2 protein chains.
Amino acid sequence: MRIGELSKATDVPVPTIKYYLREGLLPAGELSSPNQASYDAVHVRRLRLIRALTELAQVPVAQVKEILESLDSDDIPLHEQIGRAHRALTPTRRLTTTPEARATAESQVAALITRRGWTIEPEAPALATLIDTIAAMETLGQPHLSSYLDAYAEAVEHFTQLDIEAVTTRPTRDQLAESVVIGTILGETLIASLRLLAQESISAQRWKNR
Amino acid sequence: MRIGELSKATDVPVPTIKYYLREGLLPAGELSSPNQASYDAVHVRRLRLIRALTELAQVPVAQVKEILESLDSDDIPLHEQIGRAHRALTPTRRLTTTPEARATAESQVAALITRRGWTIEPEAPALATLIDTIAAMETLGQPHLSSYLDAYAEAVEHFTQLDIEAVTTRPTRDQLAESVVIGTILGETLIASLRLLAQESISAQRWKNR
DNA sequence: CGCTTATGGATACTGATACTATCCATCACA
DNA sequence: TGTGATGGATAGTATCAGTATCCATAAGCG
């Protein structure tokens, strides 16, 4: 398969494919001569994955690269692989809330993790995001939202149970890792749109007259 | 309060505040003379909201503007206000999947909505995202993920229940609208980071040896 | 009153991101 | 043998989210 065919198969323009090759998102094709390479099903699949992540899940190209690299490194423990993908998904966003709000949020989260019995390493990037989010809610005068933290956490555990279940049937380790990553990322888009739909449905009934 | 003080109070640089003013994200201050305006607590609050949406929830400035506009239009029904905010949150993403996968996903979603008894208008933007996501999962060879659709939907309903509960205590309509919007958007960040943490915790235990 | 600093408003510039476009020396194939 | 595609390199573009600069004026100090 040559680049033109790859382009047709995935509906991605040739210059864009070249761009992904340059950026190292896509492995180079097998060179049969200095300007002739052939691509295969692996490339088609990878390209589709790249597009799903960038277009659907809005993941920046640089982070897609990190995610793919973590998928390709099957020499490290699975858990570490997942951790790397998580890290790529959580940009270091630092929102400036008041120190007090942050401190409060921090202890709220610590308490939550203890109550739930979660095992979290303190450097987990999602931890900082969670703390910032709760602090922001507080600062914006929505403390009632974070007071439902435990209930949310419980619902989230339910999700995660599903995430894991949906994935344990994968036969090989590589496929498992891939499913976890796809499930995590596209799952987020899935959950977000389901939530919007559910909200719309409920809000239509609930606030018809306001 | 002058612009310098506003800047200090929110930790947003003066040129950035001017940029938000230009873009219409922030209402102009009250002019006491051609080059002297005063800002108040409303501006502080609004600015904090803008920053939370852009920095934490990664919402593009143009969409923050639409969201704020929907919050400001208290002359339309609450449900319509929420709908506008939802629309601003769901960019029109293109479809990269095969027509067959899309058709399958479409009927899956239709069936889901019927089973759940949801009331959704066919133009709801989240609908297209949901369909595309399911089609993408299918195309990427992860049909097992979308087979859990109903279970996810149920968990999501649980969330939405919480979203609504957390918000009904708000006294005025304006506050209610604001809480719904903040709850929807920051809630998504909250859920996403909780999910990452729960996954990390579970995956550490589950796949220690792979 | 004068001097320094801040301000509102307009316009111009910047850096990052995600592509597109062009060029050229091959190369495959009709 | 010639026409079009290809790999690789380099350059250009559009958008986004600010930053920076300028200027005439106004505020606050001494």
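This is a predicted model: local features need pLDDT of at least 70, side-chain atom pairs count only at pLDDT 80 or more; totals for chains, interfaces and linings use all residues.

Reader: Which other elements supply at least two residues of the surface near DNA strand C?
Author: From chain A, strand S1 (30-33) and H4 do, besides H2. From chain B, H1, H2 and strand S2 (36-38) do.

Reader: How many residues surround DNA strand C, and which are the closest?
Author: 24 residues surround DNA strand C. The closest are Pro60(A), Val61(A), Ile3(B), Gly4(B) and Ala37(B).

Reader: How do the residues of that surface near DNA strand C divide?
Author: Into 12 nonpolar, 10 polar and two charged.

Reader: OK, DNA strand D. Which residues come nearest?
Author: Ile3(A), Gly4(A), Ala37(A), Pro60(B) and Val61(B), out of 24 residues around DNA strand D.

Reader: And which element gives the most to the surface near DNA strand D?
Author: H2(B), with three residues. Elements that supply at least two residues there include helix H1 (3-10) and strand S2 (36-38) of chain A, and H4 of chain B. The surface near DNA strand D has 12 nonpolar, 10 polar and two charged residues.

Reader: New topic. What rotation superposes chain A on chain B?
Author: One of 180 degrees, with 0.0 Å of shift along its axis. The RMSD is 0.1 Å. The two copies are therefore related as by a two-fold rotation axis.

Reader: Which residue of chain A comes closest to the rotation axis?
Author: Ala155(A), with its C-alpha at 3.1 Å.

Reader: How many residues are in contact between the two chains?
Author: 78 residues of chain A are in contact with 78 residues of chain B. H10(A) gives the most to the side of chain A that touches chain B, 26 residues. By class, that side of chain A has 39 nonpolar, 24 polar and 15 charged residues.

Reader: Why do you say the copies meet through the same surface?
Author: Because 99% of the interface residues of chain A are also interface residues in chain B.

Reader: Let's do H3(B). How many residues, and what does it reach end to end?
Author: H3(B) covers residues 41-56, so 16 residues by the assignment. From first C-alpha to last it reaches 22 Å, close to the 22 Å expected at 1.5 Å a residue.

Reader: Which of its residues are buried?
Author: In H3(B), the buried ones are His43(B), Leu47(B), Arg48(B), Leu49(B), Ile50(B), Arg51(B), Ala52(B), Leu53(B) and Leu56(B).

Reader: What covers the buried residues of H3(B)?
Author: The cover includes helix H7 (125-139) of chain A. From chain B it includes helix H1 (3-10), helix H2 (14-23), helix H4 (61-72) and helix H10 (173-206).

Reader: What comes just after H3(B)?
Author: Gln58(B), which takes a positive phi of about 60 degrees.

Reader: Last one, domains. What does the assignment give for chain A?
Author: Domain 1 (3-74) and domain 2 (88-207). Their centres, taken over C-alpha atoms, are separated by 30 Å.

Reader: How many residues are in contact between those domains?
Author: 11 residues of domain 1 of chain A are in contact with 11 residues of domain 2 of chain A. On the domain 1 side, H4(A) gives the largest share, five residues. That side divides into seven nonpolar, two polar and two charged residues.

Note on methods:
Residues are numbered from 1 along each chain as its sequence is written. Chains are lettered from A and ligands numbered from 1 in the order in which they are written. Helices (H or I, at least four residues) and strands (E, at least two) are DSSP runs, numbered from the N terminus. The expected span of a helix is 1.5 Å times one less than its number of residues. A residue is buried if 20 or more other C-beta atoms lie within 10 Å of its own, exposed if 12 or fewer, and partly exposed in between; C-beta atoms are placed from the backbone. Two residues are in contact if their C-beta atoms, placed from the backbone, lie within 7 Å. Ala, Val, Leu, Ile, Met, Phe, Trp, Tyr, Cys and Pro count as nonpolar, Asp, Glu, Lys and Arg as charged, and the others, Gly among them, as polar. A residue is near a molecule or strand if its C-beta atom, placed from the backbone, lies within 6 Å of it. Copies are superposed by least squares on the C-alpha atoms of residues with pLDDT of at least 70 in both. Domain bounds come from an automatic or database domain assignment.
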